Amino acid sequence: MQQGNFEGALQAFQKGMKLPGSRPDVVRTKSLSGPSPVGGSFGGTESQNIMSLDDFELQAAHYNMACAHARLGNLDESIMNLQKAFENGFDNYSTVRGDPDLDPIKMEPD
């Protein structure tokens, strides 16, 4: 974003949100009848191993999308992404206060 291509940066971060990520996870896909695949009891679930974004990756993506949206004048989207960064554990308030990319939302009365 240092080169001023905020739209391109925003698109790159949005695409990044769809990447596999570095956190292994298990997604349950359906319930099974019959004996459990994990023991003698009946029932169970079929699952799929996936890689999802970890908290740091989510923080970074949402923070950077907040910066890009702010520079593009999309203040509601900027605030929403900054809030998501905080919800995912981002807590570096001094970075937010000192980041010139976020100046447009700092001037908002709300």
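Colleague: Which residues of α3 are buried?

Modeller: This is a predicted model, in which local features need pLDDT of at least 70, side-chain atom pairs count only at pLDDT 80 or more, and totals for chains, interfaces and linings use all residues. Residues are numbered from 1 along each chain as its sequence is written, and side-chain values use heavy atoms, with hydrogens and water left out. Helices (DSSP runs of H or I, at least four residues) and strands (runs of E, at least two) are numbered from the N terminus, while buried means under 20% relative accessible area, exposed over 50% and partly exposed in between, with a 1.4 Å probe and protein chains only. By that cut-off, the buried residues of α3 are Leu75, Ser78, Asn81, Leu82 and Ala85.

Colleague: Which exposed residues sit on the face turned away from the buried side of α3?

Modeller: The buried residues of α3 pack against α2, α4 (93-98) and α5 (103-106), where contact means heavy atoms within 4.5 Å. The face turned away from that buried side carries the exposed residues Asp76 and Glu87.

Colleague: What distance does α3 reach from its first C-alpha to its last?

Modeller: The expected span of a helix is 1.5 Å times one less than its number of residues. α3 has 13 residues, and 18 Å is expected. The model comes close to this, with a reach of 18 Å.

Colleague: Which residues is Ala66 in contact with, leaving aside its neighbours within four places in sequence?

Modeller: Ala66 is one of the buried residues of α2, and the buried residues of that helix pack against α1, α3, α4 and α5. With neighbours within four places in sequence set aside, the contacts of Ala66 are Ser78, Asn81, Leu82 and Leu102.

Colleague: What is the distance between the end C-alpha atoms of α2?

Modeller: α2 has 18 residues, so at 1.5 Å a residue it should span 26 Å. The distance in the model agrees, at 26 Å.

Colleague: The side chain of Arg71 makes a polar contact with the side chain of which residue?

Modeller: A polar contact is a pair of N or O atoms within 3.5 Å; within protein, one must be able to donate a hydrogen and the other to accept it, and residues adjacent in sequence count only if both atoms are side-chain atoms. The side chain of Arg71 reaches the backbone oxygen of Pro100 at 3.4 Å. Its side-chain partner, at 2.9 Å, is Asp101.

Colleague: What is the relative accessibility of Asp101?

Modeller: Asp101 lies in the loop between α4 and α5. It counts as buried, because its relative accessibility is 16%.

Colleague: Which residues of α1 (residues 6-16) are buried, and which helix do they pack against?

Modeller: In α1, the buried residues are Phe6, Ala9 and Leu10. They fall within an arc of 100° seen down the axis, so they line one face of the helix. The helix that they pack against is α2.

Colleague: What pattern does the protein chain follow along the sequence?

Modeller: The protein chain has five helices and two strands. Strand β2 (residues 42-52) holds Ser52. Read along the sequence, the pattern is α-β-β-α-α-α-α.

Technical notes: The arc is that of the directions from the helix axis to the C-beta atoms.
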